[in-house]
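Have the sequence at hand as you read.

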Amino acid sequence: MNKLLIGLLIVAAGTGAFFLLRKKNEATATTDLKKEWIIGQWKTDAVMDKDSNFSKYRFDFQKDGQLLRSLNDSAAADTAQYEWSKTNELVWSAWTPSEKEKAADSIGKNFAVVKLTQDSLQVRGNDSVIILFTKLK
C-alpha cells in the first residue's frame with residue numbers, strides 16, 4: 001500500500017512539473033517578441049464565419065500603428081489602429097469601412113500572439129481560434 005502511495009505521489013509531482021515548465025516556456029516565448037517584425041504586408045488562408053472574404057484580404061501593418069486592410073490588391077482600404085498591450089497582445093481597433101462595404105466586425109479585437117517571426121504571425125483570438133498570417137514579399 002505504501003509503494004502505491006509513493007508511486008502516485010511521484011507521478012503527480014512529475015505531471016505538475018511538466019505543466020509548470022510548459023507554461024513557463026510559453027510565457028518566455030511571448031515576452032521575447034521582436035515587435036518591429038510585424039511591419040509590412042500579411043495575408044492569411046483562414047476563413048472566418050462572419051467574413052467570407054477574410055482569406056482574400058491583405059493586411060498592412062505600418063510603423064505609425066495604422067493597419068490597412070484591402071481586398072486583394074485594390075486601392076480602396078479599410079483602416080484600423082493597432083497597438084501592443086502590456087501583456088504582448090495585439091489590439092486592433094474597429095475597422096473604418098470603405099464606401100462599398102459595411103463593417104461586419106465593427107468592434108475592436110484582442111489577439112494573443114502565439115508566434116511572431118520575420119515571415120509568419122500566429123495569433124489566437126478571444127474565441128481560441130488560431131489564425132496564421134504569412135508575410136508577403
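## Ala112 and its contacts

Leaving aside residues up to four places away in sequence, Ala112 touches Glu89, Gln122, Val123 and Arg124. This is a predicted model, and you can find Ala112 in strand E6, which covers residues 109-116. Ala112 counts as buried because its relative accessibility is 18%, and buried means under 20%.

## Two residues with positive phi

Ser128 is not a glycine, yet it has a positive phi of about 70°. Look for Ser128 in the loop that links strand E7 (120-124) and strand E8 (130-135). With a relative accessible area of 54%, Ser128 is exposed.

Asn88 is also no glycine and has a positive phi, here about 60°. Its loop runs between strand E4 (77-84) and strand E5 (89-92). Is Asn88 buried or exposed? Asn88 counts as buried, at 12% relative accessibility.

## A salt bridge

Side chains of opposite charge can pair when their charged atoms come close. Here the count comes to 1 salt bridge. Arg69 and Asp78 form a salt bridge, and their closest N and O atoms are 2.6 Å apart.

Key. Residues are numbered from 1 along each chain as its sequence is written. This is a predicted model: local features need pLDDT of at least 70, side-chain atom pairs count only at pLDDT 80 or more; totals for chains, interfaces and linings use all residues. Side-chain values use heavy atoms; hydrogens and water are left out. Helices (H or I, at least four residues) and strands (E, at least two) are DSSP runs, numbered from the N terminus. Buried means under 20% relative accessible area, exposed over 50%, partly exposed in between (1.4 Å probe, protein chains only). Contact means heavy atoms within 4.5 Å. A salt bridge is a side-chain nitrogen of Lys or Arg within 4 Å of a carboxyl oxygen of Asp or Glu.
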